[in-house]
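Let's take a friendly walk through a protein model, one feature at a time. Please have the sequence and the 3D view ready.

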Amino acid sequence: PSPSRWCTSSTRWWYPSRWKVTESSGDTSLDMHQGEQAVQVSRAGPDDVLCIFLAGGEVIIYSGSDPGDASAWSIVGQYRIGQPLHRRAIVKFGADIAVVTRDGYVALSRVLKSAETEYPITLSDKIKDAAVDEVVDHFSNFGWQIQPYPQGHYLLINIPHSATQSHQHVMNTATGAWCQFTGQDAMCWGLLNGSLYFGAANGVVYLADSGTSDGGAEIVGDCY
């Protein structure tokens with residue numbers, strides 16, 4: 001990817017050494033240093049917003065039609081979540097944004113609601129302890145990623161336990177139920193023509209969620 005910008009679908013990442021935003025109502029500056037992250041979430045119509053995630057966990061949301069015109073561009077709100085773990089741990093998820101943070105797995109829409117109510121902000125409330133334990137134990141490892149998988153009707157969080165081993169927390173997007181996948185030692189995930197693939201540390205790309213065996217072995221499941 002380009003060192004200045006990496007784009008996928010309608011989500012864009014910027015890595016500027018510094019941004020400055022000035023509004024007619026006064027001087028409002030936003031400083032972003034190398035390593036901090038911004039993601040643009042595009043939705044059709046007047047609800048387009050720019051969501052800026054800072055490395056410390058602050059989220060700043062802008063809305064409008066023209067960032068160059070102070071009368072047509074404004075801050076919608078400023079919110080705080082846990083520290084995002086990695087740029088790949090922030091993803092557009094339908095009309096929402098999902099984020100892996102130091103406090104668990106967060107949906108931005110819930111953060112907005114929680115500003116007015118006691119509505120829980122995490123997607124991972126049902127597995128709160130398990131999610132936080134994984135983050136505490138492995139937050140510094142490379143490989144954290146959220147991957148929506150519409151064809152399989154689930155949202156996958158890759159959890160790197162080491163440089164070669166990982167497992168996944170997986171949420172059923174229809175019911176909100178969670179499970180855990182093991183045996184898929186992925187460093188990264190992606191979709192191609194709707195199918196789910198992952199790349200392993202050995203440089204091999206695997207097709208996931210296909211067939212009736214696990215690389216030729218039986219698929220083992222645990223029921224509780």
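**A pocket and a sheet**

Strand β13 gives the largest share of the lining of the largest pocket, three residues. Strands here are DSSP runs of E with at least two residues, helices are runs of H or I with at least four, and both are numbered from the N terminus. Before going on, note that this is a predicted model, in which local features need pLDDT of at least 70 and side-chain atom pairs count only at pLDDT 80 or more, while totals for chains, interfaces and linings use all residues. Residues are numbered from 1 along each chain as its sequence is written, and side-chain values use heavy atoms, with hydrogens and water left out.

How is empty space found? Rolling a probe the size of a water molecule over the atoms shows where space is left. A pocket is an open set of points on a 1 Å grid over the protein atoms alone, where a 1.4 Å probe fits, with protein on both sides within 12 Å along at least five of seven lines; lining residues have an atom within 4 Å of a point. The largest pocket holds about 870 Å³ of space, a volume being the space filled by probe spheres set on the points, which are joined across faces, edges and corners. Its lining has 26 residues, and Phe 181, Thr 182, Gln 184, Asp 214 and Ile 219 lie nearest the centre. At least two lining residues come from each of β13, β15 (195–200) and β16 (205–207).

Now follow β13 into its sheet. This open sheet has four strands in the order β10-β11-β12-β13, paired antiparallel; two strands pair if DSSP finds at least two bridges between them. At the edges stand β10 (145–149) and β13 (178–181), each with a single partner strand, so one side of each has no neighbour in the sheet. From one strand to the next, the twist averages 25 degrees. Angles run from 0 to 180 degrees between N-to-C directions, with axes fitted to C-alpha atoms, for helices over the stretch in contact. Helix α2 (residues 128–138) packs on the sheet and touches β11, β12 (166–172) and β13, its direction making about 150 degrees with that of β12. Contact means heavy atoms within 4.5 Å.

Is Gly 215 buried or exposed? Gly 215, in the segment after β16, is exposed, with a relative accessible area of 84%. Buried means under 20%, exposed over 50%, and partly exposed in between, using a 1.4 Å probe and protein chains only.
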